[in-house]
Structure formats: C-alpha cells, structure tokens
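Please find below a colleague's note on the structure shown here.

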Amino acid sequence: MSASPLAAAFAPEPSSDAIQLPAIARAIAPEALDSDEVLLWTIMRAFEVQASAQYRLHTPVLAQGKAEVGPTLLHLAGDDRPLDESILGPTMAELVESAAMAGDEGAVLVAQGLVLERVRLICYSTLARLPEVPASSRVIAGALEPISAEIVARTPGLFASVCARTGYKPFSLFTEASDDVLHKLDAVGEGVDEIFGERFGLRFADIVGDFVADLVPACVELGMERRKVMSHLAGALMGI
Amino acid sequence: MIGDAATILLSEPKTPVSADTTPSPGGRRMRWPRHTLDNLGAYVPAVTGAKACHLPAREEVSEQLSMERLLGLAVFGEKVAARTYALMADLRREDAVLLRKFAQMEGKHALWFSQACAANGIKPDRSFADRELGYLIEQVDAHHAAGDFDALVVLQGFIVECLAISTYEPFIEIASKYPGMQEVFARALEEEKIHVEWVTRYLRERFAGRDAEFLALVERVNSQGVECVGGTLMNITEYLECIGLSGADCAGAMTDEYTKLLERVGISARLATRNVVSLFVPLIRKFRRREQTK
C-alpha cells in the first residue's frame, strides 16, 4: 500500500502541552490486527484524519494533540478497501460527507468538538475496556482516549467564545451545525451492531446512550435548555 | 500547511460526483459507493418481515383527520388508563381506594375530551385508537395476569403518563381555536401530574437503595412499553405536524419526562439518560425504516 499524501501533511509537530500518543500504540504492527480490527481502525482513521484537518484549518488549538493520530492510524489501516467492501461503507461515507460540511470555527466546534469527538471518546473508552476486543486494539483505543477527552473538555470554552464573539445564540449554532451529522450518525447504527456487536460487544444503543448522557449536561452548561436539546436530539436522530 | 486533498475534502460539495473521483476522508481517491437507489441495495441488508406503515400517504392527512385520530387516542387512551388503574387496584389492597380514584379521574378525562370533541365537530377515531392501543392493553393484561403490580406502575407511570404529558402540554398551547379544549386538557394535565407524583413516591420507597433491581424492572417493562407508546408517538408525527405541533418536540419532551421520572425515583441523571436513550434507539431505527412499531 502506498503512503497517503496526507500522511506527510499530518506529520507530527512539536507541541508543548498537548497529550501525545504513547509509543506503544505507534509501535503496533498492522499485521497484528485481524480483519474486524482493520475495519474498525479504517473507520476511525477516516474520521480522525478528517477531524485533524478541520481542527487545523479552523481551531488549531484542538489540532495539537491529534498530530500523531492520523499518521498512526494511516499506518495501521490506510487501505480503504475493508470499508468499501463493508455494509458500513455507504452510511459511514454519508457521515463523513456531512461532517465535511462544517466550514467554519463554530460549525467545526459543534460537528467535531461537541458531537463526533465525543462519539470517538465514548468508542475508545468502551473499546479499551471490552474484554472481547483484542489486546492490540484495546491498547490503541486506550491511547486515543485521553487525546479525545482533552479535546472534548476544551471544546465548550471555545464554543462559548465563538458565540460571544459572533453573537450566535448557542442553541441556534448547535442545532444548525449538528442536525445533519446527528441524523447521519444514527444511520450507521445498524451496521455497527451487525459487525461489531457480536464480535466486540459494542452496541450502538449504548454508545448513543452515553453520548446523549454526556452531551445534554454539556449543552445545559453552555446555556441551552435541556428540553430543547432533548427535542433537537430526538428530532435529528429520527430525521423529523 | 494542509495538503490539497484535505482542502478538497473540507470544501467538498454535496452534489454527487463519480465514484472514482470522490476524495476520501484520508485524502486519497477512494471508491466509496455513491448513494443512488441503484447501488444502495447492495449495501443494505434486506429487511425481512417489515410491513408497510399504517400511516396514510402524506396528501391524505388533513387537519380534520389529524384531530380525529389524535383525539381518538386521547379519549380511548384515557379509558385504557382508567382500566389500568382499576386493575392495579385489584392487585394492591392497601392503595385500592386511591387507585380507583385515579381510575375515575382518567374516566372523567375521557368524558371531558369526548364532550369537547362533540362541541367542535370532531369524531374521535376509535378504530385508529384500537390499533394503536391494542398492544398496550395486551401488556397491561399480561402484567395483571402475572400479579405484577410493579410492572403496571412502571408501564402506566413511565410510559402512558409520559406520553400524555408530553403531548397534552404543547396541545394546550395551540388548542385555543377549539372551544373548550384548552380548559379540559389543562385540567387533565394537572391530574396526570398528580398520578405521576404518586407513582414516583411509590417507586422511590419500594426500591430505595436497590437501583439495579429497579432499572432491571424498568428495562424489562419499558422495552415493550416504549415500543408500544413510543411507536404510537412516531406513528402520529404527521398528525401532530398537521395541527401545528412538532413531532420532534413531543418525542424530546417524552424522553425528557421519562428521564426526569427516573431521576426523581433516585437514578443518577447520567444513568437515567443512558437508560432512556438505549430504550429509544431501536424504536428510532424502526421509524427510520418506516416499519410498523408494534
């Protein structure tokens, strides 16, 4: 497999205080992963590389910790074919395309920082602890978890700053920038359950349950009404 | 500096492009399938056993039809609630007087709603209500036959009352054009809240310090109950929208009410939210596929 042009673009940069990917995760060889793990990390690579690109372009402060994530995952799972050939291909592609529509700082903070980064954090946290997940993938997930956690923790402050600076109402910005991503996120659920449910014990309902349980209080902290956030999530997930 | 491929990805328009030239999330040219009806079938597992939804085609939905079906659910749903409280009274002698009073209150709601319907030329749609409520009645009967009072409390308190509150509240806001409706729904809503208060207190005392046992009961009862009543909520989305309500707002209100109920019984906010969302996800999946929910 030839190296991606993006691998060079995402070469690690020195960072003073961002959490770095532990060497143990970078040292795992692609051959150590079985086919389900390769598919898993192909998916996560797609989203991580996209998130890194969007952070670097619109919220550079969040990109620091991600510097090594893209190249590491490209090294582990840089071939698209497992995803192409999977039932998850179409819905994951739609989700990536939806996230790609975030074209400014506020939208990226919502689509990535508040929504997809939180989903990644929950996935990593869950994968790192599921006994059915092979050890190498548990190590990778465990290494990525604190990096996502740091971004999730920093996002609300940045989001509040954008709202204050632009005059956007937090709930309006949140709903506008998250509606389609949430809808597309829900669409991947069946495929996730079918492929990773039995093998790894990863259930989409649990991921979304944790996601909403974490997101709602975060939105309330940002001044949004809980009932309105719940209605937005219900509507977006249902596609109504 | 970000590479060209990443720049393309970040600004990618949503207009379809050929599969061979689609930029990948990783920045390389990838062959992810495009989402046309022609090729989607190959990537979506066949849905077996899925039946057509009972909803009429969108163009058939009128305000009159919507009101007849929604009010049908309200009138006959209140009658079902009256019956459920009466069955609960059979099972718990120490609270029988109160539960029979609750049953009478629910019966009165049905009567008030029927009278308001008559005054506005609305004929509550019984056959629609029967279809929507049949599965709920089956569950109530099964719990009663098993002597499972706690299950009936959870089903009635969490599911039925939550649906009532989450739809009555917004309906009251828009019901001024139907003379008499606002008043009777507001009175009924206040009384439903009294019932929920009793349910909350009963469960808090009954399961004090036994969160896991309580959540197991809630999941056992409500995985069916949400399928039933949450399914109804989804099936009436078009009717709600037609009379000026938001299906999403009602669904959000129902999940929020349900979550708050769990919290009031003593479950942590995070665990409560997680529990509720996990219950609703399979239902949302069915809604997305336009499958029958029960």
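1. The structure is a predicted model, and its scores are ipTM 0.73 and pTM 0.76. For chain B the mean pLDDT is 78, with 77% of the residues scoring at least 70.

2. Among the elements of chain B, the lowest mean pLDDT, 26, belongs to helix α2 (residues 37–40) of chain B, and the highest, 97, to helix α4 (residues 96–119) of chain B. Where pLDDT is low, the predicted coordinates should not be read in detail.

3. Chain A as a whole. Chain A contains 13 helices and zero strands, so that its elements, read from the N terminus, run α-α-α-α-α-α-α-α-α-α-α-α-α. Of its 240 residues, 60% count as buried. Taking the contacts in chain A between residues at least 6 apart in sequence, 82% join residues at least 24 apart.

4. Chain B as a whole. Chain B has eleven helices and zero strands, and its pattern along the sequence is α-α-α-α-α-α-α-α-α-α-α. Buried residues account for 54% of the 294 residues in chain B. Of the contacts in chain B with a separation of 6 or more, 76% are between residues 24 or more positions apart.

5. Helix α4(B). Does the end-to-end distance of α4(B) agree or disagree with the span its residues should give? The 24 residues of α4(B) should span 34 Å at 1.5 Å a residue, and the end C-alpha atoms are 35 Å apart, which agrees. Its buried residues include B:Leu99, B:Phe102, B:Met105, B:Trp112 and B:Phe113, and also B:Glu106 and B:His109. The buried residues of α4(B) pack against α3, α6 and α7 of chain B. Just after α4(B), B:Gly121 adopts a positive phi of about 70 degrees.

6. Residue B:Thr84. This residue belongs to helix α3 of chain B. Is B:Thr84 buried or exposed? The relative accessible area of B:Thr84 is 1%, and the residue is therefore buried, the cut-off being under 20%. Apart from neighbours within four places in sequence, B:Thr84 is in contact with B:Val140, B:Leu152 and B:Gln156.

7. Helix α7(A). The twelve residues of α7(A) reach 16 Å from the first C-alpha to the last, close to the 16 Å expected at 1.5 Å a residue. This helix is mostly covered, with ten of its twelve residues buried. Among them are A:Met92, A:Leu95 and A:Val96, together with A:Glu97 and A:Ser98.

8. Cavities in general. Rolling a probe the size of a water molecule over the atoms shows where empty space is left. How many cavities of 30 Å³ or more are found? The count comes to six.

9. The largest cavity. This cavity holds about 390 Å³ of space. It is lined by 28 residues, and those nearest its centre are B:Leu73, B:Ala74, B:Leu163, B:Thr167 and B:Tyr168. The elements giving two or more residues to the lining are α3 (63–91), α5 (126–145), α6 (149–174), α7 (181–206) and α8 (211–235) of chain B. With eight residues, α6(B) gives the most to this lining. By class, the lining of the largest cavity comprises 18 nonpolar, four polar and six charged residues.

10. The second largest cavity. About 250 Å³ of space lies here. Of the 18 residues lining the second largest cavity, A:Ile43, A:Met44, A:Met92, A:Val119 and A:Cys123 lie nearest its centre. Two or more lining residues come from each of α3 (35–58), α7 (89–100), α8 (105–127), α11 (189–200) and α12 (204–221) of chain A. The largest share, five residues, is supplied by α8(A). The lining of the second largest cavity has 17 nonpolar, no polar and one charged residues.

Conventions
Residues numbered from 1 in each chain as written. Chains lettered and ligands numbered in written order. Predicted model: local features only at pLDDT ≥ 70, side-chain atom pairs only at ≥ 80, totals over all residues. Heavy atoms only, no water. pLDDT = per-residue confidence, 0-100. Helix = DSSP H or I, 4+ residues; strand = E, 2+ residues; numbered from the N terminus. 1 Å grid on protein atoms, 1.4 Å probe; cavity = no way out; pocket = protein on both sides within 12 Å on 5 of 7 lines; lining within 4 Å. Points joined across faces, edges and corners; volume = space filled by probe spheres on them. Nonpolar A, V, L, I, M, F, W, Y, C, P; charged D, E, K, R; others polar. Expected span 1.5 Å × (residues − 1). Buried < 20%, exposed > 50% of the residue type's maximum accessible area, 1.4 Å probe, protein only. Contact = heavy atoms within 4.5 Å.
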